[in-house]
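User: Hi! I would like to learn how to read the features of a structure at the level of single residues. Could you walk me through one?

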Amino acid sequence: MSVSCCCRNLGKTIKKAIPSHHLHLRSLGGSLYRRRIQSSSMETDLKSTFLNVYSVLKSDLLHDPSFEFTNESRLWVDRMLDYNVRGGKLNRGLSVVDSFKLLKQGNDLTEQEVFLSCALGWCIEWLQAYFLVLDDIMDNSVTRRGQPCWFRVPQVGMVAINDGILLRNHIHRILKKHFRDKPYYVDLVDLFNEVELQTACGQMIDLITTFEGEKDLSKYSLSIHRRIVQYKTAYYSFYLPVACALLMAGENLENHIDVKNVLVDMGIYFQVQDDYLDCFADPETLGKIGTDIEDFKCSWLVVKALERCSEEQTKILYENYGKTDPSNVAKVKDLYKELDLEGVFMEYESKSYEKLTGAIEGHQSKAIQAVLKSFLAKIYKRQK
């Protein structure tokens, strides 16, 4: 089915999300009508429209002609998708639409453009779900997004591994169905394949840095931390949404290496914030209790502590880091305060913001500046 046809089928769904008085019709060639969506209604109703596009994509996948579904298998995939794909904050996916809108420099988006940018956003949410389902199994995690990890749901267990593989394959079914006739289709496929590889390699570095039973803080350094974050988080969380929007806007990604570099640096800054908040934020505000110390994570805080510790303080860190007993955790946190890691972070945050702002304002394109500034505004001095 072509995107135009799909958009016509989506008409009723879009109407539910966006009031009719915000929809303007324009004839294209006398036969094809496309609704143009005003900026204000886009902002107000973007999330509901985004969720409605999810329903369309899910229906496509549940009726994919490549597989002859039974009622049982269709219900399984339906439940699995709602549990793992739909339940997140959707920040990465929505960023594709926001970024594409900014690249259009105030021009209203057609219904087709809304649908396609939402579809690409959902591909990133599918990618995130794929990573998390398998990551939770590798980490033997208990909860995710306030509910049991998918593999811990009764009757799921290790079937979750195959579900992860399904999630990964769904991305390319969506791309093929809705983007195959686009001039940037091959670039999209290459982009998702490359970012998936980078993220998997980042996960590998994270997992093998310290094998269970071989806990050794001497392996931790700022360069190792940066490599883990760059590959495991920054590419798919920060670069991928903007890269998707750039491709939709007709841009060649090879001409935007500087944009990639800024977004990777932004992703690293974001993760350093995350490491800081894990230890110092109020759990009520953060929405969770941080466990980086107990989990022996290669956190920015422990790396900076190792840089600043005296011989005696290093001994305290080695004796207590990575232990679950609250008294051990308290000793590490006391040491962090003694080393003034809160002040060290504040200085890092200030310098990072100054560096990122300078790089953004130095870009020749005002539209791309707007995209990057939008990302930075969302994360600067965040509390959760």
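Analyst: Gladly! Let's begin with a definition: a residue is called buried when its relative accessible area is under 20%, exposed when it is over 50%, and partly exposed in between. Please keep in mind that this is a predicted model.

User: Now salt bridges, please. What is the idea, and how many are there?

Analyst: In general, side chains of opposite charge can pair when their charged atoms come close. The rule used here asks for a side-chain nitrogen of Lys or Arg within 4 Å of a carboxyl oxygen of Asp or Glu. The count for this model is 14 salt bridges.

User: Which residue does R173 pair with?

Analyst: Its partner is D64, and the closest N and O atoms of the two are 2.8 Å apart.

User: What about R144?

Analyst: R144 forms a salt bridge with D135, with 3.9 Å between the closest N and O atoms. R144 is partly exposed, with 28% relative accessibility, whereas D135 is buried at 11%.

User: And which residue is the partner of K355?

Analyst: That is D265, again with the closest N and O atoms 3.9 Å apart. K355 belongs to helix α15 and D265 to helix α10 (residues 257–280), so the pair ties together parts 90 residues apart in sequence. K355 is exposed, at 58% relative accessibility, and D265 is partly exposed, at 22%. There is also a network: K58, D78 and D82 are joined through salt bridges that share partners.

User: What is a surface patch, and which residues form the negative one?

Analyst: Patch members need over 30% relative accessible area and no salt bridge, and like charges are joined when they are within 9 Å. In this model, D187, D190, E194 and E254 make up a negative surface patch. Take D187 as an example: this residue lies in helix α8 (residues 185–209), and its relative accessible area of 40% makes it partly exposed.

User: Which residues make the nonpolar patch?

Analyst: M138, M204, L207 and I208 make that patch, which covers about 350 Å². Helix α8 gives the largest share, with three residues. M138 comes from helix α6 (residues 111–139) and is partly exposed, with a relative accessible area of 46%.

User: Where is D340 found, and what is its phi?

Analyst: D340 is in the loop between α14 (326–338) and α15 (341–361). Its phi is positive, about 55°, although D340 is not a glycine. The relative accessible area of D340 is 42%, so this residue is partly exposed.

User: One last topic: how do I compare distance in sequence with distance in space?

Analyst: Count the residues between two positions along the chain, then look at their C-alpha atoms. S223 and V303 are 80 residues apart in sequence, and their C-alpha atoms are 9.6 Å apart in space. S223 itself is placed in helix α9 (residues 222–248), and at 48% relative accessibility it counts as partly exposed.

Note on methods:
Residues numbered from 1 in each chain as written. Predicted model: local features only at pLDDT ≥ 70, side-chain atom pairs only at ≥ 80, totals over all residues. Heavy atoms only, no water. Patch = residues over 30% accessible without salt bridge, like charges linked within 9 Å, V, L, I, M, F, W, Y side chains within 5 Å. Areas by Shrake-Rupley, 256 points an atom, 1.4 Å probe, with all protein chains shown as cover. Lys, Arg positive; Asp, Glu negative; His and termini not counted. Charge placed at Lys NZ, Arg CZ, Asp CG, Glu CD. Helix = DSSP H or I, 4+ residues; strand = E, 2+ residues; numbered from the N terminus. Buried < 20%, exposed > 50% of the residue type's maximum accessible area, 1.4 Å probe, protein only.
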